[in-house]
Amino acid sequence: MADVVDLQAVHDAMVSAAYEAGKMILAANPADIDTGTKLNSVDIVTEVDKGVEKMVSGRLAAAFPSFAFMGEETYKPGMRLGPEPTFVVDPIDGTTNFVHSFPNACISLGLAVDRRPVVGVIYNPWQDLLFTAVRGRGAHMTRGRGTAPQRLPLARSPRPLAGLGSALLAVEWGSDREGANFEAKAAVFRQLAASRESGGSMVHSLRSVGSAALNLAAVAAGQLDAYWEGGCWAWDVCAGWCILEESGGGRVVGGNPGEWDTPLESRVYLAVRGAPAGQKELIEEFWAVVGDRRLEYSV
């Protein structure tokens, strides 16, 4: 079905919408806006999230009226992706960063066809940093409007992956702060960071950017080696997934052991950058750390 969709036209419309969303986000003063919560006090939504999603959905519906739409702020429990072309949108990914004026948040715009990401656009307006990809046409990063895009990954000759002991990883605590998933995450984080002498992997370090989309974009750029996540949603990962896959062999698999082919809506992911060697081995080494501490989230 993707073959009959003009993916470049979709890409161009999404980039235009992303830049307009960036203006709306930058115009807002987080100290003056109303915030609410969904799951708990760290699962935040603002009037800006809702306003951006309304603008984006209106623009995309006008340009592509036959496409479906799934957005974080208009999602209803039980909604699932179908095979039809579907815009999968997070109006502000990193809302907690946004309300604290921490400049790592973005709009994430994806298009899924047959439940697979085929176009991705991520825009961080504070840094004027744009990541884009179209299936089969590569991924790019643009620093500042009017500048030439850079092909991803940024390194001309990416280094092989030499295992967790030399890896820089992204992880996130998420908004679920109790129960089995929280305990499993904390245990995995500890084992990744701990010294070899105490049974850990002693990774170079763990990073929490605060945005699933920006974590994926950093893996696609080669700035991070991998990103492990449990609890986010399709709108958090759709755009970044496409960008990663188009960035020289980057890969998304399941965050739980053995899940080599994971669906877009699985909610548990492991993203690994493209590399000339060591990708499969790093995935399996990471899964060994997870072990039987499987993350389970309902869809």
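1. Let's start with Asp93, which is buried at a relative accessible area of 6% (buried means under 20%, exposed over 50% and partly exposed in between, with a 1.4 Å probe and protein chains only). Bear in mind that this is a predicted model, where local features need pLDDT of at least 70, side-chain atom pairs count only at pLDDT 80 or more, and totals for chains, interfaces and linings use all residues. Residues are numbered from 1 along each chain as its sequence is written, and side-chain values use heavy atoms, with hydrogens and water left out.

2. Asp93 sits in strand β4 (strands are DSSP runs of E, at least two residues, and helices are runs of H or I, at least four, numbered from the N terminus). Its side chain makes a 2.7 Å polar contact with that of Ser211 (a pair of N or O atoms within 3.5 Å; within protein, one must be able to donate a hydrogen and the other to accept it, and residues adjacent in sequence count only if both atoms are side-chain atoms).

3. Asp90 is in strand β4 too, which covers residues 86-93, and counts as buried at 1% relative accessibility. A polar atom of the Asp90 side chain lies 3.3 Å from the backbone nitrogen of Ile92. Beyond four places in sequence, the contacts of Asp90 (heavy atoms within 4.5 Å) include Glu72, Trp235 and Asp236. Asp236 also turns up among the contacts of Asp93.

4. On annotation, an unreviewed UniProt entry lists Asp90 and Asp93 under "binding site". UniProt positions follow the numbering used here, feature names are shortened, and annotations may be inferred rather than shown by experiment.

5. Now the salt bridges: the structure holds eight (a side-chain nitrogen of Lys or Arg within 4 Å of a carboxyl oxygen of Asp or Glu). Lys185 and Glu229 form one, with the closest N and O atoms 3.4 Å apart. Lys185 is in helix α4 and Glu229 in strand β12, so the pair ties together parts 44 residues apart in sequence. Both residues are buried.

6. Glu259 bridges to Arg294 at 2.8 Å between the closest N and O atoms. Glu259 is in the loop between β13 and β14, while Arg294 is in the segment after α7, 35 residues apart.

7. Glu245 is partly exposed at 33% relative accessibility, as is Arg116 at 31%.
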